[in-house]
Amino acid sequence: MTNLVEHLYKDHHQWLYRWLSKKMPNRQYAEDIAQDTFVRLLSKKKTITPQEPRALLLTIAKGMVSNFYRHQKIEESYLEFIASLPEEYAPDPETQMILLDAIVELDRRLNGLEPLVKQAFLLTQLEGLTQVQTAQQLNISLATVQRHIIKALHQCCFADLI
């Protein structure tokens, strides 16, 4: 597997980097994502033999670009929220980073779930609504809310195992 990735790197790294340079806000981010694309290939458990290596690299890189921008959006929203807090309620910088990492990880784990499933989970777990209140707000049955919560919890707990 290492030899295959090494071959792909030699043949396609510059091409991928140039493509990413057009998508990212600066060249350093493009370089980081290009490198991470190949690292992701190295970490694959099963052997890959791509017939279209550039298509494979683009698929991986596009997902990473999407994750980058989603993470950036989450961070901006979080920092706006922190800035809106009265000073005595604002967490210290270390706690802010821990909370941001937790929020980003939660988003990563919930990624791919249907919006209604995520919304039901977030309303009950983060907003503190009861399941009945969530059902009323989302105009769905209590049983559906419960199924959505179970699905989201399963995704949070076992996302890395699937």
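**What does helix 6 pack against?**

Which helices do the buried residues of helix 6 pack against? They pack against helix 5 (115-125) and helix 7. Before going further, a word on the model: it is predicted, so local features need pLDDT of at least 70 and side-chain atom pairs count only at pLDDT 80 or more, while totals for chains, interfaces and linings use all residues. Residues are numbered from 1 along each chain as its sequence is written, and side-chain values use heavy atoms, with hydrogens and water left out.

Helices here are DSSP runs (H or I, at least four residues), numbered from the N terminus. Helix 6 covers residues 131-138, and its buried residues are Thr134, Ala135 and Leu138. Viewed down the axis, those buried residues fall within an arc of 100°, so they line one face of the helix. The arc is taken from the directions that run from the helix axis to the C-beta atoms. Over on the other side of helix 6 you'll find Gln136 and Gln137, which are exposed. "Buried" means under 20% relative accessible area, "exposed" means over 50%, and "partly exposed" is in between (1.4 Å probe, protein chains only).

Now look at helix 2, residues 27-43. Its 17 residues, at 1.5 Å a residue, should span 24 Å, and the end C-alpha atoms are 24 Å apart, which agrees. That expected span is 1.5 Å times one less than the number of residues in the helix.

The buried residues of helix 2 are Ala30, Ile33, Ala34, Thr37, Phe38 and Leu41. Down the axis of helix 2 they fall within an arc of 135°, so they line one face of the helix. What do they pack against? Their partners are helix 1 (2-23) and helix 3. At the start of helix 2, a side-chain oxygen of Asn26 comes to within 3.0 Å of the backbone nitrogen of Gln28.

**His13, looking across from helix 1**

His13 sits in helix 1. Is His13 buried or exposed? It is buried, with a relative accessible area of 7%. Setting aside neighbours within four places in sequence, His13 is in contact (heavy atoms within 4.5 Å) with Leu8, Glu31, Ala34, Gln35 and Phe38.

With Glu31, the side chain of His13 makes a polar contact of 3.3 Å. A polar contact is a pair of N or O atoms within 3.5 Å; within protein, one must be able to donate a hydrogen and the other to accept it, and residues adjacent in sequence count only if both atoms are side-chain atoms. His13 and Thr37 are 24 residues apart in sequence, and their C-alpha atoms are 9.5 Å apart in space.

**A cluster of rings**

To describe a pair of aromatic rings, you give the distance of the centres and the angle of the planes. Rings of Phe, Tyr and Trp (its six-membered ring) pair if their centres lie within 6.5 Å; planes under 30 degrees apart are stacked, over 60 edge-to-face, and the rest tilted. By this rule there are 3 aromatic pairs. One of them is the tilted pair of Tyr29 and Phe68, at 4.7 Å centre to centre and 55° between the planes. Tyr29 is in helix 2 and Phe68 is in helix 3 (residues 53-84), so the pair ties together parts that are 39 residues apart in sequence.

Phe68 is buried, at 15% relative accessible area. Phe68 also pairs with Tyr69, edge-to-face this time: 5.1 Å centre to centre and 85° between the planes. Tyr29 is partly exposed at 33%, and Tyr69 counts as partly exposed at 33% too. Ring pairs link Tyr29, Phe68 and Tyr69 into a cluster.

Thr144 lies in helix 7 (residues 142-158) and counts as buried, at 16% relative accessibility. Its side chain makes a polar contact of 2.8 Å with the side chain of Ser141.

How many disulfides does the structure hold? The count is 0, where a disulfide is a pair of cysteine sulfur atoms within 2.5 Å. For Cys156, the closest cysteine sulfur is in Cys157, 6.5 Å away, too far for a bond. Cys156 is buried, with a relative accessible area of 14%, whereas Cys157 is exposed, at 52%.

Key
Helices (H or I, at least four residues) and strands (E, at least two) are DSSP runs, numbered from the N terminus.
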